Amino acid sequence: MTIKVNKSGLLTSIQDLGRYGSQQYGVIASGAMDTLSHRIANMLVGNSENEAAIEMTMLGSHFEFQSDSLISICGGDLSPILNDRPAKMWRPLIVKKGGLLKFGGAKKGCRAYLAVAGGIGVPEVMGSKSTYLRAGIGGYEGRAIENGDILSIGEMSAQSIKLHESLLDSAPHSEIEWSASPEFIPFLREDDFVRVIKGRQFDDFSEESKSMIFTESYKITPNSDRMGYRMDGPLLSLEEKTEMISEAVSFGTIQVPADGNPIILLADRQTTGGYPKIAQVASVDLPYLAQYKPGQVVRFKEISLEEAQELLLDIERRLQLFKQGLMLKLN
């Protein structure tokens, strides 16, 4: 079971939920930028949540399926077209052998995820299938997907097989009415704030800077990538210049280098950093942040650590209910 890449897109790579356990050796975590969309895409086809899927950024790829497959598409809307018809997102779809799935430019969001029942068949490197682009390890030969690549599909789980058979009976033309709840779609929000908690060095910044981070807007510059969003806006500064010892950083850490423009560290972040950290994006908002594009404006809203924990627990509870609902559809 294979998929041929007819057109690679802007930046397409294989990602699971990350390479953990080796950061003490300087090996970065990598993994999906929008973990929520990645997890749901895998759930919809009966995979484990950590299975390898295809991440596309800004401008999507064209795929030719060389075998019957069960797929789902989640995340940003990159104009998916299946056999010359718009492909519905956030639900399972059946693609027949010879089917053509094409993605275009981003209408909403920035990153889309294509999950295939059985997962993308690439070897694990240090416990993960994620592509670490800078080091050239993991994923498909350690690099971004290119034209002409042939992607293998792994063995389907019992749940995937059952789901595939169920859809063949109820939706032989790949059309089903149900989908994941809109509450999981990252860019459908009532407000446009990214929620953050104060960073370890927050109190070391000037009073003006501590106010500006929550009252001013910052634009994502074109010089941004999976390692970090470089921001342009009011300059932030410490009350007094000081030398810092490098310490651990995480997905969503907001560092402020000497030039005063903050950087939000992302999935391909380094393992440690020596710049002061003014804030930390709440884990629950990382998928939302991952769907921002260069040129978009980001505004930050302070919440407490306790609020961040409760928000994360709430989304995890809702995800488990969603997973249980999927299981009921197969019984």
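The model is predicted, so local features need pLDDT of at least 70 and side-chain atom pairs pLDDT 80 or more, while totals for chains, interfaces and linings use all residues. Residues are numbered from 1 along each chain as its sequence is written, and side-chain values use heavy atoms, without hydrogens or water.

The structure holds 4 aromatic pairs. Rings of Phe, Tyr and Trp (its six-membered ring) pair if their centres lie within 6.5 Å; planes under 30 degrees apart are stacked, over 60 edge-to-face, the rest tilted. One of the pairs joins Phe 63 and Phe 103 edge-to-face, at 6.3 Å centre to centre and 85 degrees between the planes. Phe 63 lies in strand S4 (residues 62–65), and Phe 103 in the loop between strands S9 (100–102) and S10 (108–116), 40 residues apart. Both are buried.

The rings of Tyr 218 and Phe 300 meet at 45 degrees with centres 6.4 Å apart, so this pair is tilted. Tyr 218 belongs to strand S13 (residues 217–220) and Phe 300 to strand S20 (residues 297–302), 82 residues apart. Helices (H or I, at least four residues) and strands (E, at least two) are DSSP runs, numbered from the N terminus.

Helix H3 (residues 207–215) buries Ser 209, Lys 210, Met 212, Ile 213 and Phe 214. Their cover includes strands S12 (193–198), S13, S19 (277–281) and S20, with contact meaning heavy atoms within 4.5 Å.

How values were computed. Buried < 20%, exposed > 50% of the residue type's maximum accessible area, 1.4 Å probe, protein only.
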